[in-house]
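Let's take a friendly walk through this fold, one piece at a time. Please keep the viewer open as you read.

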Amino acid sequence: MLVSYVVTFYNKFEFISSLISSIETQEGNFEKQLIIADDCSEEAELAQLKDFVAGYDLFPIKIISSSQNTGPAQCFNRGLEAVDGGVVIAIDADDVFVPSATSYYLEQMQTHSADFIYGRG
């Protein structure tokens, strides 16, 4: 199963390392991909982000850039368009997951035959 983490990003480079680390440490047997939907960040922020993920190889990371700031909802929708399938998990750029978060969400979806769940931190 593929789990796609979709992140809306706007000038939040300082948090990306922690976010990616928290995705790396997710427990369970599933493939991961990270979609970072950029909402027209400053050039320097976007360049830092691209440099940071360029050599990353533990799971695929896609950066979807926008030339216009459209707000988080439209930015998230652009990120969704880049998902390769499977389960989608939305997370903010400045958030992190505890190691059991994804496996818990997947378990709850299966237990309750749910197509959609949400959690609050």
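A word on conventions comes before the tour. This is a predicted model, in which local features need pLDDT of at least 70 and side-chain atom pairs count only at pLDDT 80 or more, while totals for chains, interfaces and linings use all residues. Residues are numbered from 1 along each chain as its sequence is written, and side-chain values use heavy atoms, with hydrogens and water left out.

Let's begin with two helices. Helices (H or I, at least four residues) and strands (E, at least two) are DSSP runs numbered from the N terminus. Helix 1 spans residues 13-24 and helix 2 spans residues 43-54; their axes come within 9 Å and cross at roughly 25°. Here the axes are lines fitted to C-alpha atoms, for helices over the stretch in contact, and angles run from 0 to 180 degrees between N-to-C directions. Helix 1 and helix 2 are therefore roughly parallel to each other; angles under 35 degrees count as roughly parallel, over 145 as roughly antiparallel, 65 to 115 as roughly perpendicular and the rest as oblique.

Which residues make the contact between them? Helix 1 brings Phe-13, Ile-16, Ser-17 and Ile-20, and helix 2 brings Glu-45, Gln-48, Leu-49, Phe-52 and Val-53; contact means heavy atoms within 4.5 Å. These residues divide into 6 nonpolar, 2 polar and 1 charged. In this count Ala, Val, Leu, Ile, Met, Phe, Trp, Tyr, Cys and Pro are nonpolar, Asp, Glu, Lys and Arg are charged, and the others, Gly among them, are polar.

Next comes the core. In soluble globular proteins, nonpolar side chains tend to be buried together. The largest nonpolar core in this model has 26 residues, and those with the most contacts inside it are Tyr-5, Phe-9, Ile-20, Leu-34, Leu-49, Phe-59 and Ile-61. Such a core is a set of buried Ala, Val, Leu, Ile, Met, Phe, Trp, Tyr and Cys residues joined through side-chain atoms within 4.5 Å, where buried means under 20% relative accessible area, exposed over 50% and partly exposed in between (1.4 Å probe, protein chains only). Two or more residues come from each of strand 1 (2-9), helix 1, strand 2 (31-38), helix 2, strand 4 (87-92) and helix 4 (101-111). Helix 1 gives the largest share, 5 residues. Leaving out residues up to four places away in sequence, Tyr-5 touches residues including Ile-23, Phe-30, Leu-34, Ile-89 and Phe-97.

Now for some single residues. Ile-91 lies in strand 4 and counts as buried at 7% relative accessibility. Beyond its neighbours within four places in sequence, Ile-91 is in contact with Val-6, Val-7, Thr-8, Leu-19, Val-96 and Phe-97. Arg-78, in helix 3 (residues 72-81), is buried too, at 19% relative accessibility; among its contacts, with the neighbours within four places set aside, are Asp-38 and Asp-39. Gln-110 of helix 4, by contrast, is exposed at 66%.

Backbone angles close the tour. Most residues other than glycine have a negative phi. Asn-11, in the loop between strand 1 and helix 1, has a positive phi near 50° and is buried at 17%. Cys-40, in the loop between strand 2 and helix 2, also has a positive phi, about 65°, and is partly exposed at 27%.
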